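I opened this notebook to keep track of what I looked up, entry by entry, with the coordinates on screen. The entries follow the order in which I went through the model.

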Amino acid sequence: MKLSAKLILFITSSKLAVVLLFVISLPFLVNGIVSEYISYSLRLQQDKVIRIIHKNGINYYLQGDNNYGSYTMLKEEYIALEPSTANTRIDTIKTAKRLVERDTLNYRILMHTFNYEGKNYLLEIGKTTSSINQYNKPLQRLALYVLMGLIALSLLFDLLFTRALIRPLGKIIKSKLIDRKFPFKNHPAPIRTSTYDFKYLDESLILLMEQINEAFEKEREFTANASHELMTPISILQNKMENLIGDEQLNEEAVVKIADMMKTLDRLKKISRSLLLISRIENEQFAKSDSLKPAALIREVLDEISHRLEEKNLDISVQLNDQVLLKGVNHDLLFQLFYNLINNAIKYNVPAGNITITDQEISQNSYLITIQDTGIGIAAEELPFIFDRFRKANLKENVGYGLGLSIVKSIAAYHNITIKVSSTLQKGSTFKLYFKLK
Amino acid sequence: MKVLIVEDEKTLAYEMEDFLKKAFYICDLAHNISDGLEKISANSYDFILLDLGLPDGDGLTLLPKAKKHNPDAAYIILTARGNLEDRIAGLDLGADDYLPKPFSLLELQSRMQAIARRKFNLKEELLPLGDFKLDLQKRLIFFNGQQIELSRKEFDILSYLFLHSNRVLTRMQLSEHIWGTFADDDYDSNYIDAHIKNIRKKLNAWAATNFLETVRGVGYRIKK
């Protein structure tokens, strides 16, 4: 999931959780507020009653009676005043039931005893609790609406802000990480952002890319120079040995030894040449201006290599579409690529085994050639490394110098060919080459 | 035939001289461009073997001047630079052939022979090989006027051995000549044995092939 999506998801859910909590606790909150308010207004009413009594005398209420009681029509409120016999002074607010005209109702009641002209009186002012609850529902609903509106608004702001905030990251990913083909040829410009972290990330990536480029350049230069510089000394040695071996006076033993030395030298020569070839491919020193039919190319390769097939008594089946044309390629390099792959298929095959070469047009611009053999296969742990230079698989003694497949890899990379390899030990290997048709 | 070797790597120049002398060429050596130009203006050569990386400049710069003095000579460029561009540049300037280092002296000699045949219009007749006759130009082999079918590679091997008669050629040398330098990094030299076996089988059907010798542990030789 993308960072922005995650952020929005988190913000939304955390906000919703808070709102839910608030709405759930709203009745209690409203209860609390309302009862606080009622207590406050009861006290106000008490003060008013006491004030009136002090001003107009107790008879203003009692009017000669022993006690006084009054309530509103729906019995939402009542007030009662009566002489109190108890000597204890009471001054509380509590919730209790009261019977008013045959209706037993829950009231919030203020009880207050006071002394007036030597006599104790008890004042009770009550308010039904149902009148408290009547605020709850509309309050809750209103709060819900307002909150929802606020959430929607704040989410919109969050969305806009996170998007603006994270945009540089997306740009970094797009310009520095996605579809980067090594080596990094064009140097991407630094991203413009005021976020320090992104700036740091971007600068680090650019630095890293430059370092990788430099290291790669150095390695490439080294390979080219080393293999190039080796040519002259090898040439000298080879010519000296050739002159030696042509000497009539040399005894047979010496000739055999020199022939052995020449073999070793030849190996050195081939390694240098292969490295040089790889470095030339990597330096793009080959023109890609040929057009060729893979079917014809593979026929050429097989012409060159068929004697090896006969020697191992291998059966080869080639089923290729003669119409497919590859454009903008280098004939010699592709020849080398198929030569190396088919040569491997022969070399690592079992006597009387098979090699199958087939093709498939996957889509308008994607074309697949599959080379399958019934050879000794490649161990799963070796598979990721078979294209690495000088990596020798532990196959028999008949191993190469580890460069045949490296050359294949360089040529494939140079031509935008994707190679996929699958293999089962003792069963064989399959090389799939995905070409891009233009 | 007179040869000028322009090569700054002296050891290499001496080995080439040594080899070519045995093949009855007359050799002069030059180790830089100015020395080379001096020799070219003073003498006339049949072959000029030219190294490209010389201490006082690129050998290619020598080529046009040398051609003025010595237009009939055959020029072979020898270099460790195997780039296509270099090769094209050299051939464009009028070089006759191009041999990337490291090269085999046998290969050099074969190229020189090929150029000599082409350039100097040497009359090519049917060359004797035992009871057989070889036509190197048309790449054919005959027995009593009857043509014998050899595959391309088989003829290549036979003619290469023939051109270097009386010399042991290792499997490696043969293989390099036949398959060139581009093909593979680890060929198996058994293939040469297989080809020799086929050549013997095909020729033996007509006459003895005692001239084609196996030299144990080394390679093959044609004895004249």
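The entries below concern a predicted model, and they go from an annotated span to the chain interface and its charged pairs.

**Entry 1, the annotated span.** I began with the UniProt record, an unreviewed entry, which lists residues 142-166 of chain A as "transmembrane region". I then checked the secondary structure of residues 142-166 of chain A and found the span to be 100% helix and 0% strand, with its end C-alpha atoms 35 Å apart.

I picked out M148(A), which lies in helix α4, and recorded it as partly exposed because its relative accessible area is 42%.

The size of an interface is often given as the accessible area lost when the parts come together. For chain A and chain B I wrote down a buried area of about 4,000 Å², of which carbon and sulfur atoms give 51%. In terms of contacts, 44 residues of chain A touch 45 residues of chain B.

**Entry 4, the bridges between the chains.** Side chains of opposite charge can pair when their charged atoms come close. I took K240(A) and E15(B) to start with, whose side chains meet in a salt bridge at 3.2 Å, N to O. I then turned to E304(A), which forms a salt bridge with R152(B), the closest N and O atoms being 3.9 Å apart. E304(A) lies in helix α7 (residues 294-312) of chain A and R152(B) in helix α6 (residues 152-163) of chain B, so this pair joins two chains. On accessibility, E304(A) counts as buried at 14%, whereas R152(B) is exposed, with a relative accessible area of 56%. I also found K153(B) in a salt bridge with E304(A), with the closest N and O atoms 3.5 Å apart. This pair likewise joins two chains, since K153(B) lies in helix α6 of chain B and E304(A) in helix α7 of chain A. Both K153(B) and E304(A) are buried. Through shared partners, the salt bridges join E304(A), R152(B) and K153(B) into one network.

Within chain A I looked up E217(A) and R220(A), whose side chains meet in a salt bridge at 2.9 Å, N to O. These two residues are three apart in helix α5 (residues 196-245) of chain A, and are therefore separated by about one helical turn. E217(A) counts as partly exposed at 36% relative accessibility, whereas R220(A) is buried, with a relative accessible area of 14%.

Chain B exposes about 9,800 Å², of which carbon and sulfur atoms supply 48%.

Terms used
Residues numbered from 1 in each chain as written. Chains lettered and ligands numbered in written order. Predicted model: local features only at pLDDT ≥ 70, side-chain atom pairs only at ≥ 80, totals over all residues. Heavy atoms only, no water. UniProt positions renumbered as here; feature names shortened; annotations may be inferred. Helix = DSSP H or I, 4+ residues; strand = E, 2+ residues; numbered from the N terminus. Buried < 20%, exposed > 50% of the residue type's maximum accessible area, 1.4 Å probe, protein only. Contact = heavy atoms within 4.5 Å. Buried area = accessible area lost by both parts, 1.4 Å probe. Areas by Shrake-Rupley, 256 points an atom, 1.4 Å probe, with all protein chains shown as cover.
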